[in-house]
Amino acid sequence: MKKAFEQFRKSGSLFQIIKGPQHLESPKLFVLDSSFNPPHLAHFQLLFQTVKNFKLTDAQSHVLLLLAVNNADKLPKPASFPHRLEMMCLFADYLREKLPHSVVSVGLTTFSKFIDKDKVLHEQFTQGRNTNIGYLVGFDTIARIFDEKYYHPLKISDVMKSFMSGCQLYCLARGDCHLSAESQLKYASDILEGKFEPVIPKEWGSRIHVMQNDYPSLRNVSSSEIRNKLKSGQVENLKDELPPCIYDYVTKNMTIFD
């Protein structure tokens, strides 16, 4: 995957599919946007619950695993982008097995902001279809999306208007967030009630879906905690947090997280 990554960086492309269908193949697109450092079972649970809770199991959906190689907040840290790409491809195979009604693609983008990602996906991936994209993210990412500092001196309500009119945001409440799980679960309804106006328009609340994680053991799973456990030698504890293919990969390549 090192060669594929280097070719992408040298190409000057803004977006590229590395594995899987090159264009949208179903009516619904779910974009799992993450660092994949490494991918874990909480990522899978977010996908699984979104599909289940929104009664989409009978209709084929397209899942795009998307990695931004220029992140607005996070500098590249172990693992390197090529290693993350390898893990994303393994995770894609795992998803194809576990989500039989879904097709899966793996993509890279240079964009860090969602408004830019959304634009390039509509231009290059959905082929101009009027597609309502569902972005699957962590709650901390939703908080960043609506953080005024990324848009100053412009208003979020102006900058994000087009993006929020054509997408949905899905996440699972976490136990290790700066907000309590109860506050996270109420976040969308608080927006609908106008508690964040004028920064966040209340009508956007209908497009944000914060769900309780059906598996309590996965509520605090994160890539950073997994890396910490690898560094401290708590390898066996990761069997319940990683898909088997990812567990095998990280235990065979532990030095990539040094």
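A residue is called buried when its relative accessible area is under 20%, exposed when it is over 50%, and partly exposed in between (1.4 Å probe, protein chains only). By this definition, Y135 is buried, and so is F163. The model is predicted: local features need pLDDT of at least 70, side-chain atom pairs count only at pLDDT 80 or more, and totals for chains, interfaces and linings use all residues. Residues are numbered from 1 along each chain as its sequence is written, and side-chain values use heavy atoms, with hydrogens and water left out.

Aromatic rings were examined next. Rings of Phe, Tyr and Trp (its six-membered ring) pair if their centres lie within 6.5 Å; planes under 30 degrees apart count as stacked, over 60 as edge-to-face and the rest as tilted. The structure holds twelve such pairs. One of them joins F44 and Y94 edge-to-face, at 5.6 Å centre to centre and 75 degrees between the planes. F44 lies in helix α2 and Y94 in helix α3 (residues 81–98), 50 residues apart. Helices (H or I, at least four residues) and strands (E, at least two) are DSSP runs, numbered from the N terminus. F44 counts as buried because its relative accessibility is 12%. Y94 is also buried, at 12%. The pair of Y135 and F163 is tilted, with 5.5 Å centre to centre and 45 degrees between the planes. Y135 lies in strand β5 (residues 133–136) and F163 in helix α7 (residues 161–165), so this pair ties together parts 28 residues apart in sequence. F44, F48, F91 and Y94 form one aromatic cluster.

Helix α10 (residues 223–231) has S223, I226, R227, K229 and L230 buried. Seen down the helix axis, these residues fall within an arc of 160 degrees, so they line one face of α10. The arc is that of the directions from the helix axis to the C-beta atoms. The buried residues of α10 pack against α2 (41–53) and α11 (244–252). Contact here means heavy atoms within 4.5 Å. Just after α10, G233 takes a positive phi of about 80 degrees.

The loop between β2 (28–33) and α2 contains P38. The peptide bond from N37 to P38 is cis, with omega near 10 degrees. F36 lies in the loop between β2 and α2 as well. F36 has a positive phi of about 50 degrees, although it is not a glycine. F36 is buried, with a relative accessible area of 0%.
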